[in-house]
Amino acid sequence: MLSNHMAAAALMLAAAAQAAPADDAAPAAATADLIVAEPVAAPAAPSASALVLRRDTPIHFMVVSEVTTKTHTAGHRFKLRVDKPVSIDGVMVIPVGTTAWGEVLEAEKSGNAGKSGTLSAKLLYVDIGGIQVPISGNNDAKGSSGTGETVLGVLALGPLGLFAKGNNAKIKAGELMTGFVEQDTALPAPAGL
């Protein structure tokens, strides 16, 4: 009889061992379903919280400090500020006063015999909360010619009048410039949207 009880217990243990893997498989299947479901919901969040600043969107700037061939050379970076707000779908993404940067490409000082200076500069980017939005736009300036002064100098001083210089080229503080966004750029939506 004892052997019958042992045989029955062995059968029950074997049945329990076979049932256990089936129970372990159910949580694994449920976990697999959860892992698959999460990535499907994730992409919806970024598109709802980002706004796209489109290529060729115009941005209006004002030069903060004068840039002149008298004191600046090629490679000098100068500061601008946004002069008019920029909105996307009624949401302001670039407020007035946002910092932007430009760079002097070429600066040739004025010279003798009334030669005027020339200055060429380009817009670089707008800094929107640490995101640098590339912009395009150029500005060329030329100093007024000093030819009239040179002629008068030659008449009054002879050959020494040839040393009369022309005027330096400058981009004046307060001068307005327009640039354009170079490429589509995603910006985070302002807080509260």
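This note sets out numbered points on the predicted model shown above.

1. Basis of the remarks. The model is predicted, and local features are taken only at pLDDT of at least 70, side-chain atom pairs only at pLDDT 80 or more, while totals for chains, interfaces and linings use all residues. Residues are numbered from 1 along each chain as its sequence is written, and side-chain values use heavy atoms, with hydrogens and water left out.

2. Overall composition. The protein chain contains 3 helices and 13 strands; these are DSSP runs numbered from the N terminus, helices being H or I of at least four residues and strands E of at least two. Of the 193 residues in the chain, 28% are buried. Here buried stands for under 20% relative accessible area, exposed for over 50%, and partly exposed for values in between, with a 1.4 Å probe and protein chains only.

3. Contacts and surface. Where contacts in the protein chain join residues at least 6 apart in sequence, 66% of them are between residues at least 24 apart; a contact requires heavy atoms within 4.5 Å. The accessible surface of the chain is about 12,000 Å², and carbon and sulfur atoms account for 61% of this area. Accessible areas follow the Shrake-Rupley method with a 1.4 Å probe, and for residues only the protein chains shown count as cover.

4. Salt bridges. The structure holds 2 salt bridges, each defined by a side-chain nitrogen of Lys or Arg within 4 Å of a carboxyl oxygen of Asp or Glu. One of them joins the side chains of Arg54 and Asp184, at 3.1 Å from N to O. This pair connects distant parts of the chain, 130 residues apart: Arg54 belongs to the loop between β1 and β2, and Asp184 to the loop between β12 (176–181) and β13 (185–188). Arg54 is partly exposed at 49% relative accessibility, and Asp184 is partly exposed at 44%.

5. The Arg81 pair. A salt bridge is also formed by Asp83 and Arg81, whose closest N and O atoms are 3.9 Å apart. Asp83 is partly exposed, with 24% relative accessibility, and Arg81 is likewise partly exposed, with 28%.

6. Glu103 lies in strand β7, residues 99–108. Glu103 is buried but has no salt bridge, and the nearest side chain of opposite charge is that of Arg77, 4.3 Å away. Apart from neighbours within four places in sequence, Glu103 contacts Gly75, His76, Arg77, Phe78, Ser120, Ala121, Lys122 and Leu124.

7. Positive phi values. Asp56 has phi near 70°, a positive value in a residue other than glycine. Asp56 sits in the loop between β1 (50–53) and β2 (58–63) and is partly exposed, with a relative accessible area of 49%. Asp89, also not a glycine, has a positive phi of about 50°. Asp89 occupies the loop between β5 (86–88) and β6 (91–94) and is exposed, at 75% relative accessible area.

8. A buried loop residue. Ala169 is placed in the loop between α3 (147–157) and β11 (170–171), and its relative accessibility of 0% makes Ala169 buried. Although Ala169 and Lys109 are 60 residues apart in sequence, their C-alpha atoms are 7.6 Å apart in space.

Terms used:
Lys, Arg positive; Asp, Glu negative; His and termini not counted.
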